[in-house]
Amino acid sequence: AASKLEVSMPAVVEVESGGTARIECNFYIPGNDSYTYINWFYIDHRNNRVRLCHITGSEILEENADYKGRLSVGEDKALSISRVTVLDARTFVCQVGAGSHGEGENRTELHVYKVPEAPEITANPGGISVQSSDIPQIAQCVSRNSFPHPNITWHKNGEKLQPEDKMVKIPTTLTRESSGLYTVSSTLFAHVTREDRNSLYYCTVHYWLRGQIRTVESQRVNVTVFYPAEHVKLQVMPSSALVKEGDDIKLVCEADGNPAPVFSFYKRELENSWQDLTSLADTNSGVLNLHGVNKSSSGLYRCQTLDLDDMRQMEKDVELVVNYIEGVRVKMEPSSPLQEGDSVRLSCDAHSPVALDYQWRDEKGRKVAEGNQLFLSNLTFETSSNFSCKVIAPSVPGLERSKQVAVAVQGKPRIVAISSPLYVRQDEVVNLTCKAIAFPRPSVHWNVNGTAHEYVENQHIASNLTVRVNHDLLQAGAMCRVSNALGVSEKHIQLLDQKTPESKGVIIVAIIVCILVVAVLGSVIYFLHKKGKIPCGRAGKQDITKPEARKDKIVVEVKSDKLSEEAGLLQGANGEKRSAADQVGQSVVHSP
């Protein structure tokens, strides 16, 4: 057991600014005697003791106005300080008096900390040249409101940067605010290379917390790096192997410098002279637009760059090849006029720097053959047509040309359609049609007067003649005459009289009446036979087909008014025509 008064306290107590600090004071008095008093002090910046409070028994006497309202003493005599500020970071002393046992004391270091705010980083907004003679500023990093003050380090692409003579400088400034908190500012100066155009810079703030070092990092920033071009590239867009006549293309010039240099464009002419095309180009973006290129657009083009920083020039050439098809021609053998039944051979030829394929198509666009020759045999007017030779460059999509040729078969006209026979009525207005085929184009003539309209399609010609039917036209008909330099064809149109619907109606009514009369007579004869008025048998047989005329006979006779005109409508069962006399129905009925 200890033989004297002992006081024990923690060496260090840490608390965050704004929190409550609790400082314990444990003591031992021999014989378990009671303390007489307890004094709490703190050590000021002059190393003087300043008493905070005096404790005797259950009485606590505060003696420092700076801590008024923030101090409290627990039952275990521990001192608590609320609303701690960084100014409370001091050494506190607990002094215990115990009468005859004397007095004892111990002390505790109160550490107050404030976690710094996230660092703010600002990159150089103007850009940095790799050719700068002075060490340029990369970025600045600021850490605010921390206690105690932190340290700042710099990193590039994850690698820590260290000060290096004439290459890297990192000056730092420390400011203590009126609140007692610290603001730390650090600036990075360093030379750059063209590879740093993609580098990421950031700063790290290091601070102490509860005996450990903690860190917080800033955002990553990139700085604009200026550097001269080392390489120039000139290319045709789209690929030069696919350029054809009529295309719109671009010559794109690219340099790997920053900022981009000034671009100029040229085209080589004869005798190694160069045509300046810069006025047609965008000198800032390095693009030369060529619209609707043709064969003459082919050649060597040059892009020239000028770096305004060091006035250095660079250049690059590219060959432009414009694919084309020209001189498409079709040869016809024989070339003399063609007659029906002849044969002809068509040959197609063209010029191009690339391989060509040939196709033949008819006037409706249908493919009829492949290859540069087309053979047509047994020609007729109907096979006369316009054929086209289509020339295609398979290696250059979209590059094609066509040439058309007319295969015309000559001959005298041939009438292929005529409106005969034609049923008409007197005084009716009708259309007479005559259609022929021939080459050269024929003319159509009618032997009657009327209004004619002609329609031409290829080798076909059609004529429609509008006329009014009269007696002469009905008797003689009409003649269509088609002629050209090689001959004449003509055909006759026969006109037939078509009866009116009224006359047909009279005939039909007459037939119906005859049928009804025959039916009535048959009924009367049958009735008389049943009554016994007409005897049956051989002896009493009477001839009713040729009765003698008597005054008591009733004769009923039905005749047609136009027997001669309609004789052909009533025929016997065998299909033969009956005479007009046979077409009269007679019945004799005796009066009772």
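Q: In the loop between which two strands does Pro 334 lie?
A: This is a predicted model, in which local features need pLDDT of at least 70, side-chain atom pairs count only at pLDDT 80 or more, and totals for chains, interfaces and linings use all residues. Residues are numbered from 1 along each chain as its sequence is written, and side-chain values use heavy atoms, with hydrogens and water left out. Strands (E, at least two residues) are DSSP runs numbered from the N terminus, and the loop that holds Pro 334 lies between strand 31 (326-333) and strand 32 (338-339).

Q: What is the omega of the peptide bond from Glu 333 to Pro 334?
A: Most peptide bonds are trans. The bond from Glu 333 to Pro 334 is cis, with omega near -5°.

Q: Which residue is joined to Pro 421 by a cis peptide bond?
A: Pro 421 is found in the loop between strand 39 (409-418) and strand 40 (422-424). The cis bond there has an omega of about -5°, and the residue that it joins to Pro 421 is Ser 420.

Q: Is Asn 378 buried or exposed?
A: Asn 378 is placed in the loop between strand 36 (373-376) and strand 37 (385-392), and has a positive phi of about 50° although it is not a glycine. Buried means under 20% relative accessible area, exposed over 50%, and partly exposed in between, with a 1.4 Å probe and protein chains only. Because its relative accessibility is 53%, Asn 378 counts as exposed.

Q: What is the relative accessible area of Asn 145?
A: Asn 145 has its place in strand 14 (residues 137-146), and its phi is positive, at about 55°, although it is not a glycine. Asn 145 is partly exposed, and its relative accessible area is 24%.

Q: Which residue's side chain is joined to that of Ser 463 by a polar contact of 3.1 Å?
A: Ser 463 is in strand 44 (residues 460-468), and it counts as buried because its relative accessibility is 1%. Leaving aside neighbours within four places in sequence, the residues in contact with Ser 463 (heavy atoms within 4.5 Å) include Leu 432, Cys 434 and His 453. A polar contact is a pair of N or O atoms within 3.5 Å, where within protein one must be able to donate a hydrogen and the other to accept it, and residues adjacent in sequence count only if both atoms are side-chain atoms. The side chain that makes the 3.1 Å polar contact with Ser 463 belongs to Trp 446.

Q: Which residue in strand 35 is the bridge partner of Gln 359?
A: Two strands pair if DSSP finds at least two bridges between them, and three bridges join strand 34 (residues 357-361) to strand 35, which run antiparallel. An open sheet of four strands has the order 35-34-37-38, and its edge strands, strand 35 (367-370) and strand 38 (400-407), each pair on one side only. The partner of Gln 359 in strand 35 is Glu 370.
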